[in-house]
Amino acid sequence: MKSLESQKLNPDKQVWIAAGIFFFICLGLQVWRMSSLASSMDQGILYQILWNALRGHPFESTLSSQLSSDVVIRGNLPTVGYHRLGQHFTPILIIWLPLISILGKWALPSIQVILLTCAGLCLYEIAKMRLDNKLAAMLAFSFYGANAVIGPGLGNFTDLCQLPIAFFLLILGINKGKRWLIILSAIAIPLIREDTGVVLIGIGLWVAYRYRKYWKLAIFLIIYGGSWVIISTNFLMPIFSDDNSKRFMVENFGQYIQGKDQATTIEVIKLALKQPVLIFQEIINPPGKTLSYLAGQGLPLIFIPFISIDAWLLMGLPLLGLLMAQGNPLAINWRYTYLVVPGLFTGATYWWQKNKLLFSSRRFRKLWSGLILLSLIFTITSNPNRTLSWLIPESINPWVYHSPFKQLNHSKIAFNAIKIIPYNASVSASSTFVPHLANREVLIRFPYHIRFKDRTKKTKEVEWIAVDLQQHQKYAAYFKNEWKDLQEIIYLLKDIESRYAVQYVKDGILLLELDGQYNHIAYQNYQKAIGKASMIKPPEA
């Protein structure tokens, strides 16, 4: 294989080819996820809030209502009219409505891949302004080969996928002196999510360090980013629900609030600052998980960001937030990596500005290329978000693998089945069906609920239940939690037999209709399917 220097293509073309390969492979895998029922509830939630927005009810979601403190803590039923903005303040999502109206359920995974691809190209433009084109191209290759970029990108759509491109556009605007680009990007970043204002604070601190003549901009970014986090979490989100203080603050930072059942962002910060020893313990524990996460982030950049002041200023605050959270939400394939990735790569770019001679070493370039390749190998073998289950076993011990042909055949049967459900019917469905049924006012996840409250607060039962029994069965024999979930499903199905008539049974796909017409053949097949599922023994401890 020819070396980088001997290739005829110039760096610009190489980067565009890399971007194209990244785009088409990731888009193809996202299509596979949707086609093989690998997408799940989180994607369905975001699709539902935008689908409702097209019908005059922005950010409403019965799926999200299931995760609310009113349901999880108080035990109430999910409600039509619940606004997700009480859980995550993500107003910028509204800009994607035109694509939702055109592409439907395919819009969100497409948007995610497009934004990440464009983020890599934007990073390249930033790097070219300060570095040799070949070195800038290497940074772009690192981005497209990073596990922290690819892994979450092959998962459910996340609002945080908008952050890298917005971050890089702000840095690009600063480098080019484009005031309009700076203003638009700076305004957009906190609107991505209630916690992304912290990223803007980091950028402000970096601007103060790197561009002292832009001290007014630095102060604006710090004040705007910080105040938005406080305003959105303490004043705007509570307008819609108390989920942030009652649930998410407690779940993520409960160790700091000393047994309280709720806390605002301000209260958590105050209490945490009074416990520096606890903060230190959370940052370093568990050490193995923390180190492996940092290693995964730094690998495609040959660990340069960890010796870069620019990188630590840009990524330090969001990384600190992740480290301080209860249980350390550190996983290289989770969406939270996008809080760290932009600062990591921007910091590396600025480090290289003063260390260009190192790149002239052929041995060093080969080492860097090898680490990018290693990052890609780790990404593939980690089977991010089960997207590569057609290639990589989901478990080695015990051995769990399902051929792509079997997965596609099952999916084909499932898609034919859910076509039976009327377009406007209320539905309770297995997680694998959720992204495909979220274009309706009432959709809740089975088996957690089959009842809900409508807009008049009247309690109703869903009209249809769609269950992917095979999806639950294929893991139940190997994993104890999956086996327990299957038992709960079987119990609930038996409990509702008198009210719901079985309408369809094939390959573990079950459709039941409230007060539906009795179908003798379907019921017989249903009994066989339940009997087969009931025979699965719990896995050995």
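How many of the 14 residues of α2 are buried? In this predicted model, local features need pLDDT of at least 70 and side-chain atom pairs count only at pLDDT 80 or more, while totals for chains, interfaces and linings use all residues. Residues are numbered from 1 along each chain as its sequence is written, and side-chain values use heavy atoms, with hydrogens and water left out.

View 1. Of its 14 residues, 12 are buried, so α2 is largely enclosed by the rest of the structure. Here buried means under 20% relative accessible area, exposed means over 50%, and partly exposed is in between (1.4 Å probe, protein chains only). Look for M41, Y47 and W51 among the buried residues. Their cover includes α1 (11–35), α6 (107–128) and β2 (443–445), where contact means heavy atoms within 4.5 Å. Helices (H or I, at least four residues) and strands (E, at least two) are DSSP runs, numbered from the N terminus. After α2 comes G56, with a positive phi near 90°.

**View 2. Helices α23 (residues 480–495) and α24 (residues 520–534) packed together.** Their axes are 10 Å apart and meet at an angle of about 150°, which makes α23 roughly antiparallel to α24. Axes are lines fitted to C-alpha atoms, for helices over the stretch in contact, and angles run from 0 to 180 degrees between N-to-C directions. Angles under 35 degrees count as roughly parallel, over 145 as roughly antiparallel, 65 to 115 as roughly perpendicular and the rest as oblique. On the α23 side you will find L486, I490, L493 and K494, and on the α24 side Y526, I530, A533 and S534. These contact residues divide into 6 nonpolar, 1 polar and 1 charged. Ala, Val, Leu, Ile, Met, Phe, Trp, Tyr, Cys and Pro count as nonpolar, Asp, Glu, Lys and Arg as charged, and the others, Gly among them, as polar.

**View 3. Positive phi at Q258 and at D507.** Q258 is not a glycine, yet its phi is about 55°. This residue is exposed, with a relative accessible area of 56%, and is found in the loop between α13 (243–253) and α14 (265–273). D507 has phi near 50° and lies in the loop between β6 (500–506) and β7 (509–514). With a relative accessible area of 32%, D507 is partly exposed.
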